Amino acid sequence: MAKPAKITSSSPVLETRRPDVEADGLARFAGVGSFLDDRVGLAKIARFGLRKVFPDHWSFLLGEIVLYSFIVLLITGVFLTIWFRPSMMELEYEGTYQLMRGLPMSEAYASTLAISFDVRGGLLVRQIHHWAAILFIAAMTAHMLRVFFTGAFRKPRELNWLVGVGLLSLSLIAGFSGYSLPDDLLSGTGLRFVDGLIRSIPIVGTWLEFFIFNGEFPGDALIARLYMVHILLVPGILLALIGAHLTMLVYHKHTQFPGPGRTESNVVGYPLFPVYMAKAGGFFFVVFGVLILMGATMQINPVWAYGPYNPAQVTAGSQPDWYMGWVEGAIRIMPNWESHILGTTWSWNVFLPGVGLMGLLFTALGVYPFVEAWITGDKSEHHLLDRPRNAPTRTALGVAGMTCYGMFWLAGGNDILATQFHLSLNAITYFMRVAVFVAPVIAFIVTKRICLALQRSDRERLLHGSESGIIERSPEGRYSEAHVPISHGEAWTLSQHKQYSPVEATPGVDANGVPLPGGGVSRRRALWSRRFFRHDIPKPTRAEIEEAHSHDSHADDDVKALEH
Amino acid sequence: MRFLSSRRRSRAAKPLLLAFALFVTGALYAGFAPATQVSADAGTSALVAEGKALFQVSCSSCHGLNGEGTTQGPSLVGVGAAAVDFQVATGRMPMAHPGAQAPRKQNTFTEHEIAAMAAFVAALGPGPAIPEPPVYAPGNLDERAIARGGELFRTNCSACHNFEGGGGALPNGKYAPSLRGVEPIHIYEAMRTGPQQMPVFSAGAIPDAEAAAIIAYLEELHAQPSPGFTLGGLGPVSEGFFGWIIGVGGLCLIATWIASRGARAR
Ligand code: HEM
């Protein structure tokens, strides 16, 4: 028997726009509360905040994982700054780690060794900090994907999506700058990689390199500069942007999945206080706890094994942290193209996959909400999320994008794939050169087909109900499976979505040749729109459903018996 | 001089000169040939003969009856006893089937048999000898020397073998194997004989003392405790993998659980 579509929750309906919901929890804060209320008007702020309602769905907690790992990053980061010394001054190591005794190294690397081996709890905090960074960006990516696939970026939340894209790009910088601070062999190799990216920028590359590194790579200023970027500049901007992000979230109210009782003008869920607060507060400790466990049991970035950075050395398996892996992969599989024009060198082999691809990803992310709105011609506000199957083209595009990213990502680990799975490095490289183009197309087609099949099965359930799993034999010996009608709640969930039709091309001028105020719809736009909605399965009309139901109610349904 | 020039045309001169030249060549050869050859006593030649017999059974199909090489395998003239000891004791030879690279596997020969084949191959032409323990494991290295061994390892070896000797990929299906658990003597022999893609690091490039420091560093490094699971020791790739699986995956499971709990005491 096919599983019924999930309809969400029996949680209390709260009309958030209703002004009279009492924040009765506040009374308990009387003492401190009234003190603060008299001075900063706490009650008003709190009543506004505490009356918020937050819908329940696990994927809405992804954003919280991001937020909490950011807080963990701040806490552990402050601990690390107490001992870390951002200096490239060379010294001879005399600390406790014997396998480095007497080697020349930078002060930054020596202090990282000291944090690892001489500061009580230092290694644990270092590992928590690094795991939190990995989790921060991973959860952020997952959060972004959930926003994408559910269409939560649509009007009125486009700006918040843009803030999110900013957060993502800054987080990459935050992660990379932190990763480079210890000045070990691996991070130094990573910096060399970035040095290459900078140099590959046509014409100005070399100047930029000298500006950033204060001379030729590696220079003597970089660690101190990265330190400033890592602990002041980027976290400062991140904090401000996260503030803006959450403020907008509160202002727009959270979206919700469609379901009975859920409309575009209400939010169904638990009130922020006390239920949601308890859940969220508890979840903070869960995230912190998981990070501590990871830091305590899983080794990460063993800088003492990498050794101090030395431009003459390199190690097999030099990879960046995961979020830069796709750029690494693009550079690994890029054919060696280079041209010389008027005495200047144009390193396409580094510039296109490195700088070009990163620019492409963030531009594509930034413009997507606007491009989609242009294609669909949809100008209405959305507070109910899309079920991904109901936007097949978007879902397929998203999966295609993920597949392309994933292929680049795999290419970034081509040597690890080669050694772990006994494959030829060259074969992997040639394969990936093709796969980054072909795999997304296949993914697109397959995903779209799956979405359409799901749409079809939704339509089937609406029209004929769900299979009961009971096979009946009629007196004449015919077999048929009885269908039971689905609940009203499920029927609503399956049919609430809007059925879009492609925008039609219209001339931009009226019959007299006078330009129309809104402008017309160009042919190209109409074409894209048709492509976007092509193949969508129309949801059944009221008449069709009634038709089907009256038809189904005949017990000896010959047509159905033949069909199944 | 006048004595020599006056007798130069004597009838005995030619045979005498020939005998003298032979003597000098033989003496020179004895002086420069590897140790196994110098003490070419009855025991060694018996060993060589035994080795030859073994070689002809196990190895000649590829390397030729006298190690001269065939289309299936290279000539072994001048590769030295160390190469045989390394290749056979690590199970690489006899090669089981042709492939990109002979993999390490279980060695089925006894120490004596290996020594015999090594003696036979060494007799084909001079090459690096099997080292004695004081050469590769002198046991008197202080921590600074060992730390310096680490620096040498990172300079000379980590580009192929990875920073902690975890191994790495090379083009066309070849690879530098992991060095964990490799016997010190085999590390030394690998450096001196340069198997396959690996370059030869002769005593001129890395003197014995430095080779011993590299070996000691690897031993020490692999004996270090690690702070938690090493996740395969593959660096950021496995870290990212586990970050996603355990971090994001685990927390999503917990999030699902939290979201599915209603507020009971309402
Ligand atoms: C520092 C990084 C970030 C933090 C701390 C953060 C935090 C949050 C939180 C707590 C929520 C509400 C819960 C949820 O829906 O998951 C949220 C919602 C949202 N986030 Fe983020 N986020 C971050 C990055 C991003 C990124 C990279 C994007 C997309 C490019 C993004 C786009 C959005 C949007 C559009 C919403 C509204 C979703 C809705 O109302 O359904 N955020 N964010």
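User: What makes α7(A) count as largely enclosed by the rest of the structure?

Analyst: Twelve of the 16 residues of α7(A) are buried, so the helix is largely enclosed; buried means under 20% relative accessible area, exposed over 50% and partly exposed in between, with a 1.4 Å probe and protein chains only. Among these buried residues are Leu185(A), Gly188(A), Val194(A), Asp195(A) and Ile198(A). The model is predicted, so that local features need pLDDT of at least 70 and side-chain atom pairs count only at pLDDT 80 or more, while totals for chains, interfaces and linings use all residues. Residues are numbered from 1 along each chain as its sequence is written, chains are lettered from A and ligands numbered from 1 in the order in which they are written, and side-chain values use heavy atoms, leaving out hydrogens and water.

User: How do you know that the span of helix α7 of chain A is close to the expected one?

Analyst: Helices are DSSP runs of H or I with at least four residues, strands are runs of E with at least two, and both are numbered from the N terminus. Helix α7 (residues 185–200) of chain A has 16 residues and reaches 23 Å from its first C-alpha to its last, close to the 22 Å expected, where the expected span is 1.5 Å times one less than the number of residues.

User: Why is the site of the iron atom of the ligand called octahedral?

Analyst: Six donors count as octahedral if opposite donors are over 155 degrees apart and all others between 65 and 115. The six donor atoms here make angles of 83 to 179°, and the site is octahedral. Donors are N, O and S atoms within 2.8 Å of the metal (3.2 Å for Na, K and Ca), and since water is not among the atoms, sites may look incomplete. The protein donors are NE2 of His143(A) and NE2 of His245(A), lying 1.9 to 2.1 Å from the iron atom. This pair links distant parts of the chain, 102 residues apart, with His143(A) in helix α5 and His245(A) in helix α9 of chain A.

User: Why are His143(A) and His245(A) called buried?

Analyst: His143(A) has a relative accessible area of 18% and is therefore buried, and His245(A), at 19%, counts as buried too.

User: What makes a set of residues a nonpolar core, and which members of the largest one touch the most others?

Analyst: A nonpolar core is a set of buried Ala, Val, Leu, Ile, Met, Phe, Trp, Tyr and Cys residues joined through side-chain atoms within 4.5 Å. The largest has 124 residues, and Met100(A), Met105(A), Trp131(A), Trp161(A), Phe283(A) and Leu291(A) touch the most other members. Helix α5(A) gives the most to this core, with 18 residues.

Definitions and conventions:
Four donors count as tetrahedral if all angles lie between 85 and 135 degrees; four count as square planar and six as octahedral if opposite donors are over 155 degrees apart and all others between 65 and 115; anything else is irregular.
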